Amino acid sequence: MTGPKQWIVAITAVCAVMTAPAGAAAQQGPALIREGIGAYNDFDPQRALPLLRRGVDPKAGPRDSLWALGVQYLAQILYEQGDEAGARAWIRWAVRFGTELKLDTLNLLSPVIAEFHSARATTPAGPEDARVRTEWVWPSTDPGSGPGRIEVPSDGTPASLTATVTGRGVLSPRLSLPAGSYEIEARASGYRPAKITREVLPGITTVLVFALEAEAPVGGLSPAIRGRVAARVAPLLVTRFGLPEPECGDGAVVGGALLLTTYRAIRGAERITLRGNAVADAGPTVAAYDVSRDLAVLKLPSARADSLTVSPALAEGQNAWGFGLGSCRVPGDAPIAVSWADRQHGVLRLKGSVPGAVPGGVLVAADGALVAVVTADTTAVAVAGASDLLARARANIAAHSVRSPVEVAGAERHRYGAIKLTAPAYAGATAQVTPPEAWHWPELAKNSALPLTFAGPEGRYRLVVTTAGTVRYDSTFALVAGVTEQLAVPARQPIAATKKGHFPWAIAVLGAVGAGVAAAVLGGKGGGGGGGGGTPPSTGGITINIPNP
């Protein structure tokens, strides 16, 4: 066949070759996954691995149950081959962007199942994820097991943005990285930064297209929003045993009779009252709390119709407005830029301080929605993830299982005791008290002149008393919940000095040893009065320190 007809056939064939892959690519994924699973079941993982790596390409087919099974078998093979880092990267990638994965728990290795569960707990979408589009570019052949690439093209918004992989360097526009999870931050002047986490897959290019949001101009809240927020903030007076005055806390009304605050605002409380409420027995009770997240939900004595909405998301670098209560009375607010200090635990860092900040003070967005509750001058805890705690509080209220503040304090060993420390033998003495117990917190440490009344949660404390830089006393004491103890630091007994030589010290040692032997012999004869329960002879409270010769 020659002439025009031959050319027509040739052109048709070329067009078929050029267009077939585009249509077939969307259909070949499921076939490759089925073939890969079959090869694995035929005890041929070496043939299964490249088939599965190509088959799970999102552009090669739908992300359905078969696709999820392909990722699971792919991770299983990598684990069996000892490539745990590669398996982890594939699992986290699939959980982050796949549909709800139903695990094949009958055939998967327990480490693979555990890794999928871990990925579900650590890869939830954050607010910044909405500001980036993620694509993946598979090679035309098996991606293999080498490094992958991450790339930020120049068509993002704005064009001047800079993207950095934490600990690895700037994407200009790409970096080659081992398989794993990486934190990427995009910044540009006049725009809110975005910080996300993405997986780099072996042999595959991850493409990130950012669309940063312009930073809103910083200004004050409108009078209407300021008034609405102030009306929904409830000042708390928190009474702790041993403290001379109640301390101020704060909280936000978030629905009906629920008040959201921090756990440390109520920590160790004997009683909580709302400021201005003269009825002592009508204070809030504790409906739910979480020590690890530093959140607590109180049940108010009566429900309220007004409440603050909870902001569903928080962007890195977002401006919020902090509300404080000077002297637990005067509300004040100021714009505060917030950033993540510990995203996993919801801890925020405040760039600035809230005026009159108290534990449980609130941070709100420009529309008045609740963003976070303040824990310290420059830290806060986000409330976007508090929906489970609020649901638990409602369930506890419905079941009539709320607790009093003192019951919570007792359960956590946070009830306060007190001790009056004096040192009559040492004029101008200074006491240093440090908390060693696991349920204590560092802020309990105190350094003060004596006499001193110290109050804190139950348990042991170390006490060091000094004068002019010389340690006079170093011991421990214990606080008992609801009890005030007294401790007078005793004068230290002087030790007589010897003039020369080492012989007197040797005699002292031998004498002490001899006395000990004699005591043992005498004690062994009588058995403490015949019943084995007698009190052994006491040598008093003297400690002998023997210096090195």
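Colleague: Where does L103 lie in this predicted model?

Modeller: L103 is placed in the loop that joins α4 (84–97) to α5 (110–122). The model is predicted.

Colleague: Why is L103 called buried?

Modeller: Buried means under 20% relative accessible area. L103 has 15% relative accessibility, so L103 counts as buried.

Colleague: What makes up the surroundings of L103, leaving aside its neighbours within four places in sequence?

Modeller: L103 is in contact with Q72, L108, I113, F116, H117 and R120.

Colleague: Which strand holds T205?

Modeller: T205 belongs to strand β8, residues 205–210.

Colleague: How do you know whether T205 is buried or exposed?

Modeller: The cut-off for buried is under 20% relative accessible area. The relative accessible area of T205 is 11%, and therefore T205 is buried.

Colleague: Which residues does T205 touch, leaving aside its neighbours within four places in sequence?

Modeller: The contacts of T205 are E135, W136, V137, R149 and E151.

Colleague: What is the pLDDT of the chain on average?

Modeller: The average is 81, and 80% of the residues score at least 70. Over residues 1–25, however, pLDDT is below 50, and this stretch has five contacts beyond near neighbours in sequence.

Colleague: What does the model give for residues 495–549?

Modeller: Over residues 495–549 pLDDT stays under 50, and the model has twelve contacts for them beyond four places in sequence. Where pLDDT is low, the predicted coordinates should not be read in detail.

Terms used: Residues are numbered from 1 along each chain as its sequence is written. This is a predicted model: local features need pLDDT of at least 70, side-chain atom pairs count only at pLDDT 80 or more; totals for chains, interfaces and linings use all residues. Side-chain values use heavy atoms; hydrogens and water are left out. pLDDT is the predictor's confidence in each residue, from 0 to 100. Contact means heavy atoms within 4.5 Å. Helices (H or I, at least four residues) and strands (E, at least two) are DSSP runs, numbered from the N terminus. Buried means under 20% relative accessible area, exposed over 50%, partly exposed in between (1.4 Å probe, protein chains only).
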